[in-house]
Amino acid sequence: MGKIQKILVHEQVSQEIQNFIQEHELSEGDKLPSVEEMTNMFGVGRSSLREALRYLEAMDIIEVHNGKGIFVKDVNTFRFSGKVKIERERNFLLNILEVRRALEGQAVALASVRITSKQIKEVEECLEEYRILKEANKDTSKVDLTFHRHIIKAAKNPILETVLDSISGLIEKFFNDPLGDKALFDETYPFHHTMFTGIAAHDTTVAMEEFNKLMDCIEAKIKSAK
């Protein structure tokens, strides 16, 4: 439950910073309040604020210069709703996808060797919940994210898990209304099953082939989204 709350705080803070930029009519190069000032303004902890800043920096909305401060990079990335323009978000997702291919791909390969029978059962239960929600036409974004976290944990590499967790706020954009469409990646559903089949059978070749198909499907959907 704490993890869900963390996601919500990160999203809310990033939106509040965007609102602050618009309300104060800040331009490119203008300086934002300090980390200490913003934690007080928004009533959040430093870790949540820094996660929001990493997200906005990856979106090219702000620039963080150590020792100098936080600066507005491009006000033209905003819509009136405060959302980033589609093209900017598309490029952001494609950049993060490259990171996912490398890091999650390694997690899949390791999981195919190290996954335990208990973890296999946990993933099977997750996929069953995924199936039920999908067939009921309900939101599957949270269970999809949970599936990927199960695979990362099954890799049994705490350093890899920590690195992925450190950019979780960026990766979660794939699951939280990507390009304004929660159902954008629905077509990846079958590859979750085929990839897991390879992992559960300890067949690294099959697991990686299906993982790459899943990533290819995501990439195609990002590029074709309007």
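**Entry 1: ground rules**

I noted that residues are numbered from 1 along each chain as its sequence is written, and that side-chain values use heavy atoms, with hydrogens and water left out. The model is predicted, and local features need pLDDT of at least 70, side-chain atom pairs count only at pLDDT 80 or more, and totals for chains, interfaces and linings use all residues.

**Entry 2: the largest cavity**

I looked up cavities; on a 1 Å grid over the protein atoms alone, a cavity is a set of points where a 1.4 Å probe fits but cannot get out, and lining residues have an atom within 4 Å of a point. Grid points are joined across faces, edges and corners, and a volume is the space filled by probe spheres set on the points. I found two cavities of 30 Å³ or more. The largest cavity holds about 150 Å³ of space. Its lining has 16 residues, and those nearest the centre are Asp-144, Phe-174, Phe-175, Phe-185 and Thr-188. I took helices (H or I, at least four residues) and strands (E, at least two) as DSSP runs, numbered from the N terminus. With three residues, α6 gives the most to the lining of the largest cavity.

I then sorted the lining by class: Ala, Val, Leu, Ile, Met, Phe, Trp, Tyr, Cys and Pro count as nonpolar, Asp, Glu, Lys and Arg as charged, and the others, Gly among them, as polar. The lining of the largest cavity has seven nonpolar, five polar and four charged residues.

Is Phe-174 buried or exposed? Phe-174 is buried, because its relative accessible area is 3%; buried means under 20%, exposed over 50%, and partly exposed in between (1.4 Å probe, protein chains only). I placed Phe-174 in the loop between α8 (168-171) and α9. I listed its contacts (heavy atoms within 4.5 Å). Not counting residues up to four places away in sequence, Phe-174 touches Leu-93, Ile-96, Leu-97, Arg-100, Phe-185, Ile-218 and Ile-222.

**Entry 3: the second largest cavity**

The second largest cavity has a volume of about 40 Å³. I read its lining as Glu-104, Ala-107, Val-108, His-148, Ile-151, Ile-152, Met-195 and Phe-211. At least two of its lining residues come from α4 (86-114), and at least two from α6. By class, the lining of the second largest cavity has six nonpolar residues, one polar and one charged.

**Entry 4: the strand pair**

Two strands pair if DSSP finds at least two bridges between them. I found β1 (residues 62-65) and β2 (residues 69-72) paired in the antiparallel sense over four bridges. Which residue of β2 is the bridge partner of Glu-63? It is Phe-71. The hairpin of β1 and β2 has three residues between the strands, and Gly-67 there takes a positive phi near 85 degrees.

Most residues other than glycine have a negative phi. I noted Lys-156, which is not a glycine and has a positive phi of about 55 degrees. Lys-156 sits in the loop between α6 and α7 (158-166) and is partly exposed at 39% relative accessibility. I also noted His-202, which is not a glycine and has a positive phi of about 60 degrees. His-202 lies in the loop between α9 (189-200) and α10 and is partly exposed, with a relative accessible area of 43%.

**Entry 5: Thr-39**

I found Thr-39 in helix α2 (residues 35-42). Its relative accessible area is 12%, so Thr-39 is buried. A polar atom of the Thr-39 side chain lies 2.6 Å from the backbone oxygen of Glu-36. Not counting residues up to four places away in sequence, Thr-39 touches Val-44, Gly-45, Arg-46 and Leu-49.

**Entry 6: Asp-139**

Asp-139 is in the loop between α5 (117-135) and α6. It is partly exposed, with a relative accessible area of 40%. I found a polar contact of 2.9 Å between the side chains of Asp-139 and Ser-141; a polar contact is a pair of N or O atoms within 3.5 Å, and within protein, one must be able to donate a hydrogen and the other to accept it, while residues adjacent in sequence count only if both atoms are side-chain atoms. Leaving aside neighbours within four places in sequence, Asp-139 is in contact with Leu-133 and Lys-182.

Definitions and conventions
1 Å grid on protein atoms, 1.4 Å probe; cavity = no way out; pocket = protein on both sides within 12 Å on 5 of 7 lines; lining within 4 Å.
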